[in-house]
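Hi,

Here is the structure I promised to pass on. My notes follow below it, and I hope they are handy for your own work.

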Amino acid sequence: MSGKSGILADYEFTGDAGPEKRLGFLYLPFTVPEKACTIEVEYEYQGKGPGETTVDIGLFQPGTVDLITGMKNLRGWSGSNKKSFTVSREAATPSYLPGDIPPGEWKVILGLYKIPDQGLRYRVKVRVYEGCLKTSSQSLPETSELVQGDSPKGWVKGDLHMHSVHSDGDSTLDQIAEVAGSLGLDFVSVTDHNVVSHIAELGFRSRFLGKVFFLRGVELTTYRGHMNVYGVSEIPEFRIRSDEELKEVVAYLRSRGAFLSINHPKPLGPDWEFENLSFADSLEVFHSVWEFNNYVSLRKWDQLLNNGFRIGLVGGSDAHEMRGKTSILLPGTPTTWVYVDKLSEEGLLDGLRKQRVFVSESPSGPRITLEAYADGKHYPLGGIVNSKEVKLRLRAEGGRGQSYRVISGGEVVASGVLDSDVFEKVFQIHLSSPYVRAELVREAQAIDDPYHMENIVSALTAPIYLKVIN
């Protein structure tokens, strides 16, 4: 990028923040004069004593910064992964949106995430130019190898949690499409943190890049937990500090038609620290490799199901690296399978809402499905039966030698070993809890304990529900 010239204004902000400001936000106002076309921001911070120090950064254009309504004025948020950024009429640093530079009071926002007990000191420099930043980068092509109507009805597989250069990932959308295609994935969702610049690159819509479908997604990243928001093209409010504010944000996102999935509710996830989990459309029960504390997420999900909440299941790799291999967060690990009428945004969100879903540890499987028969009717995953006497059919592929388990009410009600690559088993069971689901266990240290930390689950299904239990 090049082309800016003619400095119109220069600002520097310095200050201190003590531990009482931890998890809060600080706004630094500055004036942009007429004829401005480019804003440059750089910052640095340092803790005054031992302990982790993290300060995030973003930029608001003139207008309100109120909860929810202020998001329309947020031009971008780069967390702590970029120490400088530029916003101009025609170009912007990834994480930020290009566009008009209106005169008036702009604000740098600092997120005071981690402050050591002795406090920290920050410095922010802002420079405003008359000249416009130019870019030689090309937008993504409008053509693709597939269109939305080309894919047949059936199971498609993908990764619902990935990151690009628009937040803290190492790859562009084109590079992600190449990697996902090489893994055999049909779809991905790049869910960059609190930004939509990656969705802007897609033309503010879900679309194919090559043979891979990109579902619109944003990771709503608060200081008390993360949640993926699918099917919107606006930055969701992330400055949520209370359960009451969370309730407001959830209501707004639902009014926009969003699908909400709580990410990695487990130690080191980071965990979900708000009181409420039950509002979610789904939980990311399988995050990265199973050994990464997923037994905790599984227990939380089962507790919600047993309390009568019909919350779906997804998996996500949370991959930030496409080219390197230094992280356990690898693309396609795990893989979410969704039964769709067509591979489109509408098709994927409909399948997720209906919970026609299972998750496998990799794109190659193993695969597992469960269906029920009761009162002469057939019920797929996500179905709601009206009888406690249920016949179940479990089908698994690619898991020879692994153990299967059928779980209801947090207890193992049936189990065994897959003796073939294509395995089917029919059970007659009496449902005494609100749900039943199935899973495969690659390494079973305690087959009768669904939450044993040393069991390695390789695949699991969404539930089938009981309409009434009394």
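The C-alpha trace spans about 75 × 50 × 40 Å along its principal axes.

Please keep in mind that this is a predicted model, where local features need pLDDT of at least 70, side-chain atom pairs count only at pLDDT 80 or more, and totals for chains, interfaces and linings use all residues. Residues are numbered from 1 along each chain as its sequence is written, and side-chain values use heavy atoms, with hydrogens and water left out.

Of the 470 residues, 56% count as buried (under 20% relative accessible area, with exposed over 50% and partly exposed in between; 1.4 Å probe, protein chains only).

Now the rings. Phe, Tyr and Trp (its six-membered ring) pair if their centres lie within 6.5 Å; planes under 30 degrees apart are stacked, over 60 edge-to-face and the rest tilted. This gives 19 aromatic pairs. In one of them, Tyr43 and Tyr45 are tilted, at 5.7 Å centre to centre and 40 degrees between the planes. Tyr43 is buried at 6% relative accessible area, whereas Tyr45 is partly exposed at 21%. Ring pairs also link Phe25, Trp77, Tyr113, Tyr223 and Phe238 into a cluster.

Finally, the charged end of Lys266 sits over the ring of Phe292, 4.1 Å from its centre (NZ of Lys or CZ of Arg within 6 Å of the ring centre and within 35 degrees of the ring normal).

Best wishes
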